[in-house]
Amino acid sequence: MNQRPQPDAIRAEPLRQDPHRPQYHFLPSSNWMNDPNGLIQWKGEYHLFYQHNPNGAFHADMHWGHAVSKDLVHWEHLPIALAPTPGGPDKGGVYSGCAVDNNGVPTLIYTGVFPEVQCLAVGIDDLVSWKKRADPVIAAPPPDLDLFGFRDPCVFRDGGSWYMALGAGIKRVGGAVLLYKSPDLHEWEYIGPLLVDDSGLPNKGWECPAPFPLGDKWVLIVSVTPRANVDYFIGTFDGRRFHPEVHRRLDYGRYFYAPQTFLDDQGRRVLIGWIWEGRSEQKDIEAGWSGIQSVPRVLTLRPGGYLGVEPARELQQLRRTYYYGEDLSLATGVPYQVDIQSNQLEILLAWQPDAAAEIGLILAQSPQGEEQTKIVFNCERGQLCVDRRLSNAVGDVDFDTQIAPLTLGEGEPLKLHVFFDHSVIEIFANDRLCLTSRIYPTRDDSLRVSFFAHGGDTRLRTAEIWELQSIW
């Protein structure tokens, strides 16, 4: 990788001693990060831009941070790509947007505030230097709509034309995605609403829309505010409207938000989302950092109208210490202790529930169980849960139980793929359900891992656990 300029703030040693700071998830050296922006593979390298406050671990003064990777796993920090221009259309902050290849010219389209307008910048081959267009490419929302929110452009090509999807909320109606069309990325024609929320909840808005083709369908992802969850629709796109056939949740944890996707050189649809903290803003400020990016996830279409979601295979290069168990007998109420202790883990489990009412996994457990986090599958209710009631001995962080519906087919085993990185847990269940959570153990010895069953004996078909190395 060519040498690139490294400003002093980025050369600073990361806060490695913080026991809650993830080590194989991407985050800046310090301060605030939220939405991923401008995800693109350019000349063989992956570029990740992101919402960033370089002056504190709180949401304010939005810039675009920037990092680059050859493998989607190890990242090199680059200088800030975009900063607010005094007196310019982004004077109030450089908010979320996207990156596109405009016939060999790297181009960023993003939202400037206040007021919300859509802006454009062009770059050179290293994607480090950018020149902003002086005026917005879209200076105001459609005059016939009474909107709250007009932001987060996602630009894509279809049928030889450029399209822009914008997140919005229509007052007294609900969330909406607005569609624009352009021949050159500079002159935009408003087409109409791509999709409008029909849930009957008029206080909801949609942010960070992401429409894209996948297989023989189109997918539309939206981030729902103020509920702060992420939904997806599967359907068709006719050049003017999106026609949904399926509507589901993308992630059942309430810490995953504003994901963005891109198509890489291997033809994969890759998704990365922002994972926020589960503690107070004051604790973020005291820690000196806030917000991480999820592990990269690869999307596919699955039978039954599901969006398949799996972690990118590149993460396997981080695997080190290995534990393997097969056909493990689990007696009801007697945890099976694993001979591995760590807070940087990847775990693969396959279960046949049999007679048990509940089966699961315990992470971040202290020797006597004063601290522990349970990942539980309730076989009778068809629910996957993250029980955080004992995850923090002090109790000054989020500790509620998160629940996701998961119905297994006849004879279908439960398959869990879990990534645990100090304070973040990402769960992939049966390749079609995701649940992201945050925990903040207080004890240095909360490192144990065990399996359990309640309400009946069962057998764990296979268990694979790797300790993962840091990406830094």
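Biologist: How much space lies in the largest pocket?

Modeller: In this predicted model, about 580 Å³ of space lies in the largest pocket. Its lining is made up of 24 residues, and those nearest its centre are A99, V155, F262, L263 and R269. Two or more lining residues come from each of the strands β1, β5, β9, β13 and β17.

Biologist: Which residues lie closest to the centre of the largest cavity, and what is the volume of that cavity?

Modeller: The search of the whole structure finds four cavities of 30 Å³ or more, and the largest has a volume of about 90 Å³. It is lined by 15 residues, of which G97, D152, C208, P209 and Q260 are the closest to its centre. At least two residues of this lining are supplied by each of β1 (31–42), β5 (94–102), β9 (147–158), β13 and β17 (256–263).

Biologist: What makes F49 and W64 count as buried?

Modeller: Buried means under 20% relative accessible area; F49 is at 0% and therefore counts as buried, and W64, also at 0%, counts as buried because it falls under that limit.

Biologist: How do you know that W206 and F233 tie together separate parts of the sequence?

Modeller: W206 lies in strand β13 (residues 205–214) and F233 in strand β15 (residues 229–237), so their pair joins parts that are 27 residues apart in sequence. The pair is tilted, with 5.7 Å from centre to centre and 55° between the planes. With a relative accessible area of 4%, W206 is buried, and F233 is buried at 6%.

Biologist: Which residues do ring pairs link into a cluster, and how many aromatic pairs are counted?

Modeller: The count comes to 25 aromatic pairs, and ring pairs link F26, Y50, W75 and W472 into a cluster.

Biologist: Why is P296 called buried?

Modeller: Its relative accessible area is 5%, and the limit is 20%, so P296 is classed as buried. P296 is found in the loop between β20 (292–293) and β21 (297–302). Beyond residues up to four places away in sequence, P296 touches L72, V270, L271, I272, E310, P311, A312 and L315. The C-alpha atoms of P296 and R313 are separated by 9.1 Å, although these residues are 17 apart along the chain.

Biologist: What is the mean pLDDT of the chain, and where is the pLDDT below 50?

Modeller: The mean pLDDT is 95, and 97% of the residues reach 70 or more. Over residues 1–12 the pLDDT is below 50, and this stretch has 23 contacts in the model beyond near neighbours in sequence.

Definitions and conventions:
Residues are numbered from 1 along each chain as its sequence is written. This is a predicted model: local features need pLDDT of at least 70, side-chain atom pairs count only at pLDDT 80 or more; totals for chains, interfaces and linings use all residues. Side-chain values use heavy atoms; hydrogens and water are left out. Rings of Phe, Tyr and Trp (its six-membered ring) pair if their centres lie within 6.5 Å; planes under 30 degrees apart count as stacked, over 60 as edge-to-face and the rest as tilted. Buried means under 20% relative accessible area, exposed over 50%, partly exposed in between (1.4 Å probe, protein chains only). Helices (H or I, at least four residues) and strands (E, at least two) are DSSP runs, numbered from the N terminus. pLDDT is the predictor's confidence in each residue, from 0 to 100. Contact means heavy atoms within 4.5 Å. On a 1 Å grid over the protein atoms alone, a cavity is a set of points where a 1.4 Å probe fits but cannot get out, and a pocket is an open set with protein on both sides within 12 Å along at least five of seven lines; lining residues have an atom within 4 Å of a point. Grid points are joined across faces, edges and corners, and a volume is the space filled by probe spheres set on the points.
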